[in-house]
Amino acid sequence: MTDTGTIEDGSATEPGSDIPRTLPVLLLTNQVAFPMSVLPVRVTAKTDIQVIDDALMSSRFVALLTRKTGESETRTIDGAYEIGSASRILQMQRVSDGTVNVVIQALHRFKVAGVEQREPYTIVRVTLLDDSKEDNESLAPLATAVKMQMSRLIALSPDIPDAASNVLDNIDDPGFLADLVAANLNIAVDEKQKLLAMTDRKKRLERLAFLLAREVEMMELSDKIRKDVRSSIDKSQREYFLRQQLKAIRQELGESDDARPEVEEYRKNIEALGLKEEVKKEALRELNRLSQMSEASAEYHVIASYLDWIVELPWNISTQDTLDTQHAEEVLNEDHYGLEKVKRRIVEYLAVRKLKPDAAGPILCFVGPPGVGKTSLGQSIARALGRLFVRMSLGGMRDEAEIRGHRKTYVGALPGRIIQNIRKAGSNNPVFMLDEIDKLGSDFRGDPSSALLEVLDPAQNDTFSDLYLNVPFDLSRVMFIATANVLDTIPWALRDRMEIIEIPGYTLEEKLHIAKRYLVPRQLNAHGLQGKRLKFTATALRLLINGYTREAGVRNLEREIANVCRGCARAFAEGRRKPIVIDEDKLPQFLGNQKVFRDVAERTRIPGVATGLAWTATGGDILFIEATRMPGKGSLVLTGQLGDVMKESAQAVLSYIRTNAAALGIDAAIFAESDIHIHVPAGAVPKDGPSAGVTILSAVTSLLTGKAVKNGLAMTGEITLRGLVLPVGGIKEKVLAASRAGIKEVILPERCRNDLVDVPESARKKLKIHFVKHMNEVLHIAMGLTVHGEANGKRPAASARHKPTKRAQSRT
């Protein structure tokens with residue numbers, strides 16, 4: 001059942017609370033409500049649900065009356081006892097099937113004094129009944145006897161926790177003790193009702209002591225019988241004896257064990273599967289065990305469930321691959337724009353399968369920022385190959401049993417999700433997507449990434465053994481495709497088993513093409529705007545991409561297109577007939593003001609600011625590094641949530657500049673008289689890594705020389721104390737980020753030249769790329785700075801008035 005709503009009363013109610021003298025009636029079946037007891041009640045009748053609803057809207061009080069024995073179907077108080085409990089509703093919970101679960105606390109005995117209303121439900125006048133006023137001391141011996149008998153009953157009963165005895169010891173009121181014991185005693189309803197009707201505490205305790213003595217005697221006798229039986233025959237002997245009897249009975253009837261229809265059905269299915277000898281032997285062994293068991297046995301259902309899994313798995317069922325490479329290429333191009341490396345790899349696999357039909361399936365890993373189409377690409381590959389597609393999300397998985405399953409001896413055991421998805425696919429060669437493999441976790445339950453080593457190893461996965469099945473299953477024909485945003489969090493042993501294919505972020509032109517060809521038609525269809533009812537101009541889509549999103553993929557772009565479509569759908573729903581053309585002037589009507597601004601020129605206009613390039617899990621991005629100085633004692637202040645590596649880069653920058661102050665034309669006295677503060681916005685985002693070294697040095701040098709860094713210039717690279725520029729990673733993502741942000745020129749380390757091969761040609765054409773080996777070249781390009789004299793033994797870079805040195809010449 002599904003909970004649809006819960007109402008709770010947090011207030012505690014004492015017996016002396018102001019209880020109304022007219023109360024709506026709620027009838028109980030086989031339950032008696034004693035004062036101060038709390039009862040869970042399931043309410044199914046509509047009139048009773050109305051009682052609950054009306055009570056919750058007023059005082060929350062109801063009158064609980066118990067139906068007489070044999071009157072379980074009565075809906076009136078004529079078939080109920082006249083003594084009940086005035087009670088308060090503590091909690092109400094509605095269930096999706098229309099019923100209501102309530103928790104009610106009984107507060108005070110009452111007697112029905114008259115009926116005030118009979119329709120739509122009964123309301124009665126009540127007279128509250130108080131307990132007799134005997135002195136508690138006079139009742140102490142009776143109360144002690146009841147406590148001792150109840151403690152004995154608790155010790156004999158396996159259903160009552162031993163801690164219940166401690167509760168009894170802490171009760172001083174004899175009347176409350178009697179009510180509590182009576183409420184929890186397993187006796188007939190009419191006996192409980194007699195106890196409820198007794199207001200004389202002494203008589204109530206005496207009657208309770210008699211009933212407890214009878215219950216204790218019965219429990220002791222039952223316990224003695226159980227011990228005698230257990231000592232004479234243990235479980236294994238009993239099962240053997242019963243099986244032998246069952247076998248003899250079947251022989252007398254002329255029946256064999258094989259005559260059981262379900263056993264014959266399993267045997268027929270196992271024979272038809274064409275299993276390997278090892279698997280078939282294990283399946284038939286379990287089937288023979290099943291044939292000797294009674295259907296009432298718990299283990300019978302465990303083995304039957306195991307055999308169900310065996311016969312339902314696609315051991316030898318495969319889909320026929322479509323080996324037409326031209327068709328596959330057409331399907332991939334139809335579903336995705338770009339991604340040439342991935343498409344080429346799939347077509348190559350088809351070519352190999354055409355020449356060698358028994359070739360093992362490849363194990364690929366698509367790595368790229370969110371929203372670039374990694375998951376949907378797996379579906380397209382399945383369609384191109386003519387295979388079935390299954391997807392398993394690994395994000396947050398921490399239990400190794402999710403991969404390998406549990407042994408079938410555990411209660412509720414199942415195979416792991418690998419085998420579950422293979423059965424769901426219905427073939428032994430689907431395209432199996434392992435989504436978010438970089439987000440696997442581990443804890444005391446094991447390491448799922450270690451379990452995946454066997455799954456993703458072509459040399460082992462043909463004999464993958466799930467703990468539940470305990471027989472090998474061939475996964476070598478499955479085409480596994482993993483997806484990840486980053487490689488760093490994937491264990492090296494697991495990464496080594498996969499073929500890594502990096503999927504970069506999209507350029508502006510690629511996003512524009514994707515929006516026109518895929519995103520806009522899909523959203524028009526999703527919002528019922530097919531035909532020529534809505535059209536986006538190219539300028540509007542460009543503004544959407546540049547002014548409302550900043551991402552490597554197209555997920556947010558599609559979300560913004562959907563926002564526009566919803567606004568237009570509303571207009572058509574309200575009666576508009578004329579088609580709508582969305583241009584750049586109409587976008588703010590649906591999306592509000594522009595959200596993303598390119599402020600590179602504004603922020604680098606003054607000295608002390610430089611633009612860097614950063615790599616993130618969602619693709620590349622640009623960042624600004626700001627430097628300022630103030631009177632002080634030569635301290636270096638770093639802010640912006642910088643990691644240790646980035647802090648060390650800043651310290652290396654300051655050391656380099658101080659060492660080469662004369663060559664850079666900086667007064668050395670500045671360092672003794674000033675503090676330098678370096679800040680990297682945004683301050684709430686953690687940052688780390690060595691690649692900001694050249695940017696920090698440019699910003700600080702710009703500050704101390706008073707020369708602003710060139711507008712539209714971004715840079716990345718690690719520096720040494722000698723001023724060398726070392727290579728860094730993430731070049732492809734960083735260059736694409738520069739292209740998206742409107743950067744015109746980029747400075748990269750010379751040794752990163754080969755990394756540009758993977759950058760789309762459209763992005764490279766927009767940028768003037770400088771490859772450098774030394775910081776002198778960076779300063780010359782960034783600020784036109786002429787280095788006077790020697791800087792750490794390095795020959796001075798060319799002056800801003802002359803042509804740059806050969807090594808600093810740009811490559812477009």
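Mentor: Strand β4 is covered on both faces: F61, A63 and L65 are buried on one side, and V62, L64 and T66 on the other. Buried here means under 20% relative accessible area, exposed means over 50%, and partly exposed lies in between, with a 1.4 Å probe and protein chains only. Strands (E, at least two residues) and helices (H or I, at least four residues) are DSSP runs numbered from the N terminus. Since six of the six residues of β4 (residues 61-66) are buried, the strand is largely enclosed by the rest of the structure.

This is a predicted model, in which local features need pLDDT of at least 70 and side-chain atom pairs count only at pLDDT 80 or more, while totals for chains, interfaces and linings use all residues. Residues are numbered from 1 along each chain as its sequence is written, and side-chain values use heavy atoms, with hydrogens and water left out.

Two pairings of β4 can be listed, where strands pair if DSSP finds at least two bridges between them. With strand β2 (residues 22-28) the pairing is parallel, over four bridges, and T66 stands opposite L28. With strand β5 (residues 83-95) there are also four bridges, but the two run antiparallel; here F61 has R88 as its bridge partner. In general, strands of a sheet pair through backbone hydrogen bonds, either parallel or antiparallel.

For comparison, consider another sheet. It is open and has five strands in the order β9-β10-β13-β8-β14, with parallel pairing. Its edge strands, β9 (389-393) and β14 (499-502), each pair on one side only. Neighbouring strands are turned by 20° against each other on average, direction ignored. Strand β8 (residues 363-367) runs parallel to β14 and is joined to it by four bridges; the partner of C365 in β14 is I500. Helix α13 (residues 374-385) packs on this sheet and touches β8, β9, β10 (431-435) and β13 (479-484), its direction making about 175° with that of β10. Contact means heavy atoms within 4.5 Å; axes are lines fitted to C-alpha atoms, for helices over the stretch in contact, and angles run from 0 to 180 degrees between N-to-C directions.

C365 itself counts as buried because its relative accessibility is 0%. C568 is in no disulfide, and the nearest cysteine sulfur, that of C565, is 6.5 Å away; a disulfide is a pair of cysteine sulfur atoms within 2.5 Å. C568 also counts as buried, at 0% relative accessibility. The structure holds zero disulfides.

C565 is also among the residues touched by Q523, along with E558, I561 and A562, not counting residues up to four places away in sequence. Q523 lies in helix α18 (residues 508-526) and counts as buried because its relative accessibility is 10%.

As for the whole, the protein has 29 helices and 26 strands. Buried residues make up 48% of its 812 residues. Of the contacts with a separation of 6 or more, 73% are between residues 24 or more positions apart.
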